[in-house]
Amino acid sequence: MAVGAPESGTRALAATVLGANGADQGGTELLPLEREAAIEQLKRGEIDAAFLVAPRRVSSHQEAGGGAGVRLLSFARADAYVRRYPYLSKLVLPRGVFDLAADVPERDAVLLAPTQNLVARDALHPALAYLLLRTASEVHASAGMLARAGEFPAPREAGFPLSSVARRYYQAGVPFLQRYLPFWAANLVDRLWVMLVPIIAVVVPLGRIVPPCIGGGCARACSAGTRV
């Protein structure tokens, strides 16, 4: 069984699934094959099964599921996997979605899909975090064979805490200034506003100390005081 290269995400997922079923014991030979090599050996009948984890736009699942004597394994207990491992999602691949004329796959296939995570350090500037999320939306928001339009990016359970910036982005969208200004201009205005707030906090109380001038009375009073 091909389970991906050492230290790869495919290998980690395969180890989790196989370990949960006790299938990593006994006579099962786990081979560290990359995706393309695994597909070729699967088609030639040199291996019995392969774990494939690929982006939604990669046709690896179609290539593997369309070969003679090769079929996609349907996870009958997908709901149990999703309940135990929240970072997994259940996907139903409809019959014939790869090739309607050849009827590939020949029946609905229930798949398990992990999610890719965008992880950053706490020290990342909020403006850059918004820019990353906005770019991720532009790149991944389109529809695909395994995802609906606008489904990603999304605040899915991934084992990492969701940052406050990401939470605000998913709740309210792009910040107001970035909707109408280029990123550099919005960031500049935001920085200037942060500098102006302390100045305003000092100037406003000082303005209350100065007596109000009504009808030029302040000017006359100051002149009289100077002459004395």
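Thr 115 touches Tyr 87, Ser 89, Phe 152 and Arg 156, leaving aside residues up to four places away in sequence; contact here means heavy atoms within 4.5 Å. Thr 115 sits in the loop between E2 and H5. Helices (H or I, at least four residues) and strands (E, at least two) are DSSP runs, numbered from the N terminus. Thr 115 is buried, with a relative accessible area of 18%. Buried means under 20% relative accessible area, exposed over 50%, and partly exposed in between, with a 1.4 Å probe and protein chains only.

The model is predicted: local features need pLDDT of at least 70, side-chain atom pairs count only at pLDDT 80 or more, and totals for chains, interfaces and linings use all residues. Residues are numbered from 1 along each chain as its sequence is written, and side-chain values use heavy atoms, with hydrogens and water left out.

The secondary structure of the protein comprises nine helices and two strands. Along the sequence the pattern is α-α-α-α-β-β-α-α-α-α-α. Of the 228 residues, 25% count as buried. The accessible surface comes to about 15,800 Å², by the Shrake-Rupley method with a 1.4 Å probe, where for residues only the protein chains shown count as cover. Carbon and sulfur atoms hold 59% of that surface. Among contacts in the protein with a separation of 6 or more, 54% join residues 24 or more positions apart.

The two strands were examined next. Strand E1 (residues 88-93) and E2 pair in the antiparallel sense over six bridges. Two strands pair if DSSP finds at least two bridges between them. One of the bridges joins Ser 89 to Ala 113 in E2. Strand E2 spans residues 109-114. Five of its six residues are buried, so E2 is largely enclosed by the rest of the structure. In a regular strand the side chains alternate between the two faces of the sheet.

The largest nonpolar core has 13 residues. Such a core is a set of buried Ala, Val, Leu, Ile, Met, Phe, Trp, Tyr and Cys residues joined through side-chain atoms within 4.5 Å. Val 17, Phe 51, Phe 75, Tyr 81, Leu 88 and Leu 112 have the most contacts inside this core. Helix H1 (9-21), helix H4 (78-84) and E2 each supply at least two of its residues. H1 gives the most, with four. Apart from this core lies another, of seven residues, among them Ala 129, Leu 133, Ala 166 and Val 174.

Leu 13 touches Val 53, Tyr 87, Leu 88 and Pro 114, not counting residues up to four places away in sequence. Leu 13 and Leu 52 are 39 residues apart in sequence, yet 9.9 Å apart in space, C-alpha to C-alpha. Gly 9 also belongs to H1. At 54% relative accessibility, Gly 9 counts as exposed. Gly 9 and Val 53 are separated by 44 residues in sequence and by 8.0 Å in space, C-alpha to C-alpha.

Phe 75 is buried, at 19% relative accessible area. Its contacts are Val 17, Tyr 81, Val 110, Leu 111 and Leu 112, residues up to four places away in sequence not being counted. Tyr 81 is buried too, with a relative accessible area of 9%.

A search of the whole structure finds four aromatic pairs. Rings of Phe, Tyr and Trp (its six-membered ring) pair if their centres lie within 6.5 Å; planes under 30 degrees apart count as stacked, over 60 as edge-to-face and the rest as tilted. The rings of Phe 75 and Tyr 81 have centres 5.7 Å apart and planes at 85 degrees, so this pair is edge-to-face. For Tyr 130 and Tyr 169 the centres are 6.5 Å apart and the planes at 55 degrees, so that pair is tilted. The pair links distant parts of the chain: Tyr 130 is in helix H5 and Tyr 169 in helix H6 (residues 164-172), 39 residues apart. Both Tyr 130 and Tyr 169 are buried. Ring pairs link Tyr 130, Tyr 169 and Tyr 170 into a cluster.

Helix H5 (residues 126-140) has 15 residues. From first C-alpha to last it reaches 21 Å, close to the 21 Å expected at 1.5 Å a residue; the expected span is 1.5 Å times one less than the number of residues. The buried residues of H5 are Ala 127, Ala 129, Tyr 130, Leu 133, Ala 136 and Ser 137.
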